[in-house]
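Biologist: Please show me the protein that we are to discuss.

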Amino acid sequence: MINPQFDKLLCGVIKRLGAELLFCLSMLSAFLIIEPLSLNAIESPKALTDEAALDISKPPYVPVYRIPLRVHLGKSSLSPSQFKEILAEINHIWWSQAGICFEIEAVNRDEPLKKGVDIWFVPVMKEYPASNGYYNGDHEIYVRDAPILGSASHPAHSSASRTAAHELGHVLGLHHRQDSDDNLMRSKTFGWLLNVYEIRNARKAAAQKALPDKSPRHCGTPQFAF
Ligand SMILES: [Zn+2]
């Protein structure tokens with residue numbers, strides 16, 4: 001017969017060992033999850049430091065990947081001057097976090113690019129009137145002129161910029177992530193932030209779509225060809 005005191009002691013030891021085993025396993029799994037995130041393994045990027053954050057001439061990662069983007073404004077209800085700020089903010093969202101930007105040509109016509117990305121700004125999408133944005137491949141992206149978005153702690157200035165930057169996230173292979181209103185890949189909020197997984201994956205996709213000259217550290221000012 002087992003002594004109840006000994007039984008209690010034995011149970012305590014087993015529980016403690018179990019807890020320690022669980023702790024070890026969780027530490028091991030955390031290590032296994034975190035380690036592959038090392039961006040250094042991909043391309044020796046420049047980490048975002050306080051110094052770099054203060055100096056807007058320094059991208060957080062190099063090389064900066066520049067992707068051609070044609071913005072079609074023929075159907076938009078907004079003026080070209082309103083688009084200057086909208087387009088600048090799209091590039092700010094991507095360049096300041098991921099070292100990716102878009103060489104933008106704003107046009108009044110519908111001819112898509114052969115290489116690069118096309119976005120149409122429209123007052124409302126006829127087929128999807130409740131939608132803010134629509135992505136169906138690199139040359140079929142629609143964004144509403146004034147998307148209706150929920151609040152975020154760190155909001156973008158313009159809902160059109162935020163929605164266009166979100167659709168460009170899909171271009172760069174990102175999926176929706178609904179765990180915070182501050183996320184760029186969250187549905188229908190003003191959030192614009194990316195996490196390290198998204199930055200890594202977006203940079204891998206951007207490297208395949210970027211212009212061959214990787215020496216510039218910025219994209220140029222959007223050009224209005226009309
Ligand atoms: Zn989306």
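The questions below go from the whole chain to one residue.

Modeller: This is a predicted model, in which local features need pLDDT of at least 70, side-chain atom pairs count only at pLDDT 80 or more, and totals for chains, interfaces and linings use all residues. Residues are numbered from 1 along each chain as its sequence is written.

Biologist: Which pattern does the protein follow along the sequence?

Modeller: Helices (H or I, at least four residues) and strands (E, at least two) are DSSP runs, numbered from the N terminus. The protein has six helices and six strands. Read along the sequence, they give α-α-α-β-α-β-β-β-β-α-α-β.

Biologist: What is the order of the strands in the sheet?

Modeller: Two strands pair if DSSP finds at least two bridges between them. Strand 4 (133-135) and strand 6 (223-224) each pair on one side only, as edge strands. The sheet is open, has six strands with mixed pairing, and its order is 4-5-3-1-2-6.

Biologist: What is the bridge partner of Leu69 in strand 2?

Modeller: Strand 1 (residues 65-72) is parallel to strand 2 (residues 100-107), and eight bridges join the pair. In strand 2, the partner of Leu69 is Ile104.

Biologist: At about what angle does helix 6 run to strand 1?

Modeller: Axes are lines fitted to C-alpha atoms, for helices over the stretch in contact, and angles run from 0 to 180 degrees between N-to-C directions. Contact between two residues requires their C-beta atoms, placed from the backbone, to lie within 7 Å. Helix 6 (residues 196-209) lies across strand 1 and strand 2, and its angle to strand 1 is about 75 degrees.

Biologist: Why is helix 4 called oblique to helix 5?

Modeller: Angles under 35 degrees count as roughly parallel, over 145 as roughly antiparallel, 65 to 115 as roughly perpendicular and the rest as oblique. The axes of helix 4 (residues 80-98) and helix 5 come within 8 Å, with a crossing of roughly 45 degrees. That angle therefore makes the pair oblique.

Biologist: Is Ser187 buried, exposed or partly exposed?

Modeller: Ser187 sits in the loop between helix 5 and helix 6. A residue is buried if 20 or more other C-beta atoms, placed from the backbone, lie within 10 Å of its own, exposed if 12 or fewer, and partly exposed in between. Ser187 has 13 other C-beta atoms within 10 Å, so this residue is partly exposed.

Biologist: Which residues is Ser187 in contact with, leaving aside neighbours within four places in sequence?

Modeller: From C-alpha to C-alpha, Ser187 is 8.7 Å from His166, and the two are 21 residues apart in sequence. With those neighbours left aside, the contacts of Ser187 are His176 and Gln178.
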